[in-house]
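This report describes a protein structure for a reader who is new to the subject. Please keep the sequence and the three-dimensional view at hand while reading.

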Amino acid sequence: MVKFYESSFSYEYPFPAVSLAYFLRYPNPYAKHVLSTDTIDRHFDLDSQRLYTTRIHLKRSKLPPAVLKLLPKGILGSNSDSGQSYILETSVVDVREGWMTTETKNLEWTGILSVIEKQFYRRPIQENTSKNGAITNETQNGTTDVTTSTTFVSRFGQVGLRTPRRRAEIAPASKGPPADTHDDAQPKKGLLSSWSTSSLQRTIEAIGMRRTREALLKSKDGMNVVLGRMRSGGLVEVLEGMRRDREGVYGSEGPWRNRGWKGIEDDESQLR
């Protein structure tokens, strides 16, 4: 089963500020659940003049209680009590053309619910018609448009169907004619069983969609906080605000302790 969710909005800030704020958005008052952010890879392509970045975020997160109630006991093992999950983020920034694409996806609980969020940031372009009828495109530098599309996929109840076939493939050879594993490899499912699995998948995806809508609102509010700090005091105010947010949640011994600001300064220098 697959569900989709799409939304569009605009930031009242120019694209260079928004693209920089994206890399400086954690921590903020609306993202207290984000524990750390690490840059895995970053490179600038000279031919395309584009910046490619891969980061991983560690967040304080658990499956919603409504989802846990639907799952058999013990299916999550120790992961259900960890309270943390990893999110993989990739992005491409083209400052010359004025656009940025991002993609985030969860690395935990993917067998239950996989959430892939894609965002497209760009400078608004307005078409103008001249007196002679020619159409020209004019870039609007004061705002940034954002389109978000999210895909929810629940594969719960499907993984276990592959287990018998896998066991047949790795079983040691034995004397005599080969056993007929066709029925074991493809177990028949009754109508009630199929309906129950599909219904459960739809319910899990609906819960994920509801949480994503709430998260998008908080994400936008958090970005506006960072953008407001940038407008009032530049990068210095952004870094100071991040320090206050970090200490307000974790104290002086928080997870960013001793990590320094080098990575953040690199973000700023590469996006100038």
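**The helix α1**

In helix α1, the buried residues are F15, A17, V18, S19, L20, A21, Y22 and F23. Here, buried means under 20% relative accessible area, exposed means over 50%, and partly exposed lies in between (1.4 Å probe, protein chains only). Because 8 of the 9 residues of α1 are buried, the helix is largely enclosed by the rest of the structure. Helices (H or I, at least four residues) and strands (E, at least two) are DSSP runs, numbered from the N terminus.

The model is a predicted one: local features need pLDDT of at least 70 and side-chain atom pairs count only at pLDDT 80 or more, while totals for chains, interfaces and linings use all residues. Residues are numbered from 1 along each chain as its sequence is written, and side-chain values use heavy atoms, with hydrogens and water left out.

**The sheet**

Two strands are said to pair if DSSP finds at least two bridges between them.

Strands β2 and β3 run antiparallel and are joined by 10 bridges. H43 has Y52, in β3, as its bridge partner.

With a relative accessible area of 9%, S36 is buried. The C-alpha atoms of S36 and Y86 are separated by 9.8 Å, although these residues are 50 residues apart along the chain.

**Salt bridges**

A salt bridge is a side-chain nitrogen of Lys or Arg within 4 Å of a carboxyl oxygen of Asp or Glu. The count under this rule is 8 salt bridges. The table presents three of them, including the pair of D94 and R50.

| Side chains | Distance, N to O |
|---|---|
| D94 and R50 | 2.8 Å |
| E103 and K118 | 3.9 Å |
| E237 and R244 | 3.2 Å |

What does the salt bridge of D94 and R50 tie together? D94 lies in strand β4 (residues 84–94) and R50 in strand β3 (residues 50–60), so the pair ties together parts that are 44 residues apart in sequence. D94 counts as buried because its relative accessibility is 0%, whereas R50, at 24%, counts as partly exposed.

E103 is partly exposed, with a relative accessible area of 24%, and K118 is partly exposed, with 44%.

In the pair of E237 and R244, E237 is partly exposed at a relative accessible area of 24%, and R244 is partly exposed at 38%.

**Aromatic rings**

A pair of aromatic rings is described by the distance of the centres and the angle of the planes. Rings of Phe, Tyr and Trp (its six-membered ring) pair if their centres lie within 6.5 Å; planes under 30 degrees apart count as stacked, over 60 as edge-to-face and the rest as tilted. The structure holds 4 aromatic pairs. One of them is the edge-to-face pair of F9 and Y11, at 5.3 Å centre to centre and 85° between the planes. Both F9 and Y11 are buried.

Why is the pair of Y22 and F23 edge-to-face? The ring centres of Y22 and F23 are 5.5 Å apart and the planes stand at 90°, so the pair is edge-to-face. Y22 is buried, with a relative accessible area of 3%, and F23 is buried, with 4%. Together, Y22, F23 and Y121 form one aromatic cluster.

Charged groups also sit over these rings. A charge sits over a ring if NZ of Lys or CZ of Arg is within 6 Å of the ring centre and within 35 degrees of the ring normal. R25 lies over the face of Y22, 4.0 Å from the ring centre. The charged end of R42 sits over the ring of F23, at 5.3 Å from its centre.
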